[in-house]
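Here are a few exercises to work through with the model open beside you. Try each one before you read the solution.

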Amino acid sequence: MMPVGHYLFLSFALFMIGAIGVITRRNVIVILMSIELILNAVNINLVAFSRIFGDVHGQIFALFIIADAAAEAAVGLGIIIAFFRNRETVRADEMDLLKW
Amino acid sequence: MNPSGYFLSHLYLIPLFPLMTAALMLFFGRRLAHSAVSFFCVGSVFLSFVHATGAVFQLLAADPQHRVYQQILFEWITPGPTPAHGGLVPFIADWGYLLDALSCVMILVVTGVGFLIHVYSIGYMAHEGGYYRFFGYLNLFMFSMLTLVLANNLLLLFVGWEGVGLCSYLLIGFYFLKKSAADAGKKAFIVNRIGDAGFILGIFLIASTFGTVRFSSQGLGDPLAFTGIVQTLGTMVSQGRLIAGAPGLTIIALLLFVGATGKSAQIPLYVWLPDAMEGPTPVSALIHAATMVTAGVYMVARMNAIYQLAPIAMDVVAMVGAITAIFAASMALVQNDIKRVLAYSTISQLGYMFLALGVGAFAAGIFHLMTHAFFKALLFLGAGSVIHSLSGEQDIRKMGGLWNTIPATSRPFLIATLALAGIFPFAGFFSKDEILGHAFHRSQMMDRYLALWLVGLITAGMTAYYMFRLLFLTFFGLSRVSPELEEHIHESPKTMTVPLMILAFLSISGGWFALPVLWGEKNTFGIFLEPVLGGVETETGSVQLGQHTLFKEYFLMILSLAVVGMGLWLAYQHFLKNPKLHDKFATSFPRLHNLLIHKYYVDEIYDALFVNRIKDLSTALGWVDAHVIDGLGVDGAGWLTRLLSRISIWWDKWIVDGLVNLVGKFTEGLSVPVRMFQTGVFSSYAMWILVGVVILLGYYGHHMQVWLRNLR
């Protein structure tokens, strides 16, 4: 059995890639994709701990998160299309309405 | 037996019907079709007429001494104990209606002639704007007039009196976009106000003298519970507290007469009536000939008990009436506007009525009021029909030769002319003869009345002259109608000509009440009115009307017919046989003719004496207003306020707002470092979340290390 640290390392790497993508990338679609990476990092964590503790709940939880990610992607893309129709851009740094 | 029945107990409905439709027109008239407006407004007056007729018949069923029906709807003004004739009395003015012989005549004339004129108006006003407005005003007028004649006390009568004045104003100024019409309306209203001032002073004096404004307590059950002027006057006279000719009574009578001169267009307040012809012709017929202007006559007749005890006031009434009669008749001789001739004629005939009242022939005055209502309404409606036929032409110099082109108008017009001129056996003959007869009879008792009788006789001749002048110029001779109008001459519609025929019938037969006089008996009309117009029994003052011998009666009739015939013959010579004769006549007396054409310059004199002086006063007061009140008072206060407000502004700006701003600035300063985080770019927010997570992880890292180690 592989030690849990490997899983966690993979999960951590995936999370960091996602997080840095969310923060640094300008294209909202890429940001959405990065969010998917973060979610999957969580999934790996859940599945790994589920194996170690011999408890199946974590895996069921992962399935829910996958379904949730699909829904979230659909909603997110919808928002982006609506936004694009208004502003003709998908650049995150031009979406600066969220202040005061 | 006391009178009773449905129509009497529902007496209040008579004025109520027109009031309801007037209200309907006010609120919904704009949205109603012409036919609906006619249906409601004419229908309501018809209902009033039916109820009035019914009430009169039910009253007639009682024997003459009990022909009084009085109905108090509610107590209207109850000021409590009020000082009057030397003590405190419970003064009450009720909203009540009184039907006796006098008001019988009045409501029949008002609703009957009023109904015919309403029918006529359907045709006359068909193509005019404001159809519903016209009928609404007309119905409001009917309500006011019926309130006036049915009122059982002077204050309620005054309500009707003012109501008809208001409607007169509204209807004279019906074409209010025309300046002359609006001005005429104002003139009528203001001149009437002068009279009303006298009238209301008279009412106050009556209230303080008699402690009541109710005309009579007859018909109200317990005579002790209700007081009436007639009864109180009788008691005071019999107790010797008032004597005939007492100055108090004379002042009351004269003040009331001032009101009558305003409403009934007598000297000196007659000037508004000719100008009132600016209104639509049915209005001239209804208000300014048949009904409203006779209100003064009615009121004086109603207060006859007081007048009969005030001989000086009676003389004034008779003199003013006689002078007005001849004065107005002389102005009618030369007028060229068909309606103005009739207006001056109306003033003249009202003068006749007052002459009758002044010589104590109250019944004769009311008799003439009734016949005059018939034929003068007919004359006005006929004139309106002529004007209608000629598409608005009113100048008789531009008429002529219409006798056969509009027969349904010209025939009734002829009948009315004969009636007004006083030709046997038309209505006017009897009533006019009655007045002249009584004046003559008085002159035999007191010589000073002989002049009044002579003036009346000459006026009769002048009346015949100007009426036949009008008739000949309008209907006979060669046509002087302008060619473009000539093509459009058309007979008026049936709704207009049928009322003419009915009125023509009344103008013929309306005087036959007086036929018994011919065989030496009393006028049945006079007998009918006797219970109301008898006055108060006294030993000295009461005016006694005697009977002539039959010979004298015939002599007077033939004399007046001869004078009338002379007027007719002169008019025939001047305007039909030899039209140039009149011009020659006019040029041979240029100054007199000019004086008449300019109506004795009375309007100009009034302008110079009163109107312009009041304008000067207004200008002076305006200067005071502009310079003293506005300059010192208003502007000074404004200056002070401005100074105070400057100080206040400074305080507000620097102290009050300064404190507020200081708080604001302080908060703003605090917010500067926090604001930097809020860029609006969500990526940066995500970064800060991550930073937070890292910090949290760093802080709790120790625990996690332990936990992870244990896990391994």
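**Exercise 1.** Which pattern does chain A follow when read along the sequence?

Keep in mind that this is a predicted model. Start by counting elements: chain A has three helices and zero strands. Reading along the sequence then gives α-α-α.

**Exercise 2.** Work out how the radius of gyration of chain A sits against that of a compact globule of 100 residues.

Take the globule first: with 100 residues, its radius would be near 13 Å. Chain A comes out at 17 Å instead. Next, look along the principal axes, where the C-alpha trace spans about 50 × 25 × 25 Å. Finally, check burial: 15% of the 100 residues of chain A count as buried.

**Exercise 3.** Check whether the length of helix α2 of chain A agrees with its number of residues.

Helix α2(A) covers residues 28-53, which makes 26 residues. The expected span is 1.5 Å times one less than that number, so it should be 38 Å. Just after the helix, Gly54(A) takes a positive phi of about 60°.

**Exercise 4.** Which residues of α2(A) are buried, and what do they pack against?

Walk down the helix and you'll pick up Val28(A), Ile31(A), Ser34(A), Ala41(A), Asn43(A), Asn45(A) and Leu46(A). Their partners are α1 (4-24) and α3 (57-87) of chain A.

**Exercise 5.** Find the residues with the most contacts inside the largest nonpolar core, and list the partners of Leu355(B).

The largest core has 221 residues, and Val300(B), Leu355(B) and Ala377(B) have the most contacts inside it. Now set aside the neighbours of Leu355(B) within four places in sequence. What's left is Ala318(B), Gly321(B), Ala322(B), Ala325(B), Ile435(B), Ala439(B), Leu452(B) and Gly456(B). There's also a second, separate core of eight residues, including Phe15(A), Ala19(A), Ile23(A) and Ile31(A).

**Exercise 6.** How many residues does each chain bring to the contact between A and B?

Chain B supplies ten residues and chain A twelve. Sort the chain B side by class and you get six nonpolar, four polar and no charged residues.

**Exercise 7.** Describe how β1 and β2 of chain B are joined.

Strands β1(B) (residues 69-84) and β2(B) (residues 87-99) run antiparallel, joined by twelve bridges. Across the pair, Phe74(B) stands opposite Trp95(B).

Notes. Residues are numbered from 1 along each chain as its sequence is written. Chains are lettered from A and ligands numbered from 1 in the order in which they are written. This is a predicted model: local features need pLDDT of at least 70, side-chain atom pairs count only at pLDDT 80 or more; totals for chains, interfaces and linings use all residues. Helices (H or I, at least four residues) and strands (E, at least two) are DSSP runs, numbered from the N terminus. The radius of gyration is taken over C-alpha atoms; the globule rule is 2.2 Å times the number of residues to the power 0.38. A residue is buried if 20 or more other C-beta atoms lie within 10 Å of its own, exposed if 12 or fewer, and partly exposed in between; C-beta atoms are placed from the backbone. Two residues are in contact if their C-beta atoms, placed from the backbone, lie within 7 Å. Ala, Val, Leu, Ile, Met, Phe, Trp, Tyr, Cys and Pro count as nonpolar, Asp, Glu, Lys and Arg as charged, and the others, Gly among them, as polar. A nonpolar core is a set of buried Ala, Val, Leu, Ile, Met, Phe, Trp, Tyr and Cys residues joined through C-beta atoms within 7 Å. Two strands pair if DSSP finds at least two bridges between them.
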